[in-house]
Amino acid sequence: MASSSDATASNGSTPETPESGSSAGQDRRGRVRLRRAAVMAIPATAVAAGLMIATAEGALGVQFAISGMPFTVTATELNGTGFEQFGGLDNMAEDSPNAGDTGGQVLIVTSAIKNATLDHLCQSVDLGGTNLLITAGSGADKVQATNLTTDSTELSGNASFNNIEIGNDASTLDKAGVQGPKGVFSQQADTVRIANLRQTNYATTAAVFKLPGLKLRFSDQGC
């Protein structure tokens, strides 16, 4: 989601290597990654790049163990009221086969939209040789969501905001009913519009998610 300029946000962080067999090493790695999330700046140009939708009440990242398999989400247009955004960490289940060299953690940008509508929503997961593809909102009725949240590592699009505030402490956010940890960089706006939205996500949640014309299938191509 963006302001008057466009950009692309991506995560290229390299996790710290823990001491072999040492819980102290794992704790140290976690502290380093949390510090990185806390100082992570997301200027308006990065927001203009797309949409990332946050997490639930007062926490970094989602409240469940992520699979570690990223999925793509696209929409021809997203319109939302009550927008917030800040950095965070998602964690995979212990000994997840998808952890690789990440230590089971993914550094993400979380965002929240209180109420959102999306046109021509598409979601795909690469299963290796085939894609699980979901589409909705391709007709007259749009996809609708309340308290929509997503944790993302990449996003793009053309976005605009009304009454945006940049540089807030995440613990003081009040536009979407979500607060992040104290000391974390954040931003918020009254409204957001994103055209040609495309994002790479690791998690999505919503209090209500209405998907008119829902179709789920396997496909050779993703979104």
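Buried means under 20% relative accessible area, exposed means over 50%, and partly exposed lies in between, with a 1.4 Å probe and protein chains only. Keep those cut-offs at hand for every stop below.

This is a predicted model, in which local features need pLDDT of at least 70, side-chain atom pairs count only at pLDDT 80 or more, and totals for chains, interfaces and linings use all residues. Residues are numbered from 1 along each chain as its sequence is written, and side-chain values use heavy atoms, with hydrogens and water left out.

**Whole chain**

Start with a cartoon view. The protein chain has two helices and nine strands. Helices (H or I, at least four residues) and strands (E, at least two) are DSSP runs, numbered from the N terminus. Read from that end, the order is α-α-β-β-β-β-β-β-β-β-β.

Switch to a surface. The protein chain exposes about 10300 Å², and carbon and sulfur atoms supply 49% of it. These areas come from the Shrake-Rupley method with a 1.4 Å probe; for residues, only the protein chains shown count as cover. Of the 223 residues, 47% count as buried.

Now consider contacts, meaning heavy atoms within 4.5 Å. Among those between residues at least 6 apart in sequence, 82% join residues at least 24 apart.

**The core**

Select L78, F83, I113, L118, V192, I194 and L197. Of the 20 residues in the largest nonpolar core, these touch the most other members. Which strands each supply at least two residues of this core? They are β1 (71–91), β2 (105–119), β3 (121–126), β5 (143–162) and β7 (185–205). A nonpolar core here is a set of buried Ala, Val, Leu, Ile, Met, Phe, Trp, Tyr and Cys residues joined through side-chain atoms within 4.5 Å.

**The disulfide**

Next, select C122 and C223. They form a disulfide, with sulfur atoms 2.0 Å apart. The criterion is a pair of cysteine sulfur atoms within 2.5 Å. C122 is in strand β3, C223 is in the segment after β9 (215–219), and 101 residues separate them. Look along the S-S bond of C122 and C223: its torsion is about -85°, so the disulfide is left-handed. C122 counts as buried, at 11% relative accessibility.

Strands pair if DSSP finds at least two bridges between them. L121 stands opposite A136 in β4. Then move to the hairpin, which has four residues between β3 and β4; G128 there takes a positive phi near 85°.

Centre on L132, in strand β4 (residues 131–136). Its bridge partner in β9 is F218. L132 counts as partly exposed, at 25% relative accessibility. Show its surroundings: not counting residues up to four places away in sequence, L132 touches Q123, S124, V125, L127, L216, R217 and F218. Draw a C-alpha to C-alpha distance from L132 to L216. It is 7.3 Å, for residues 84 apart in sequence.

**Two salt bridges**

Side chains of opposite charge can pair when their charged atoms come close. The structure holds two salt bridges; the test is a side-chain nitrogen of Lys or Arg within 4 Å of a carboxyl oxygen of Asp or Glu.

Select R193 and E77. Their side chains meet at 2.8 Å, N to O. R193 is in strand β7 and E77 in strand β1, 116 residues apart.

Then select D190 and K175. Here the N to O distance is 2.6 Å. D190 is in strand β7, K175 is in the loop between β6 (165–169) and β7, and the two are 15 residues apart. D190 counts as partly exposed at 29% relative accessibility, and K175 counts as partly exposed at 25%.

**Two positive phi values**

Most residues other than glycine have a negative phi. Select N147, in strand β5. Its phi is near 50°, a positive value in a residue other than glycine. N147 counts as partly exposed, at 32% relative accessibility.

Finish at N196, in strand β7. Phi of N196 is about 55°, again positive although the residue is not a glycine. N196 is exposed, with a relative accessible area of 53%.
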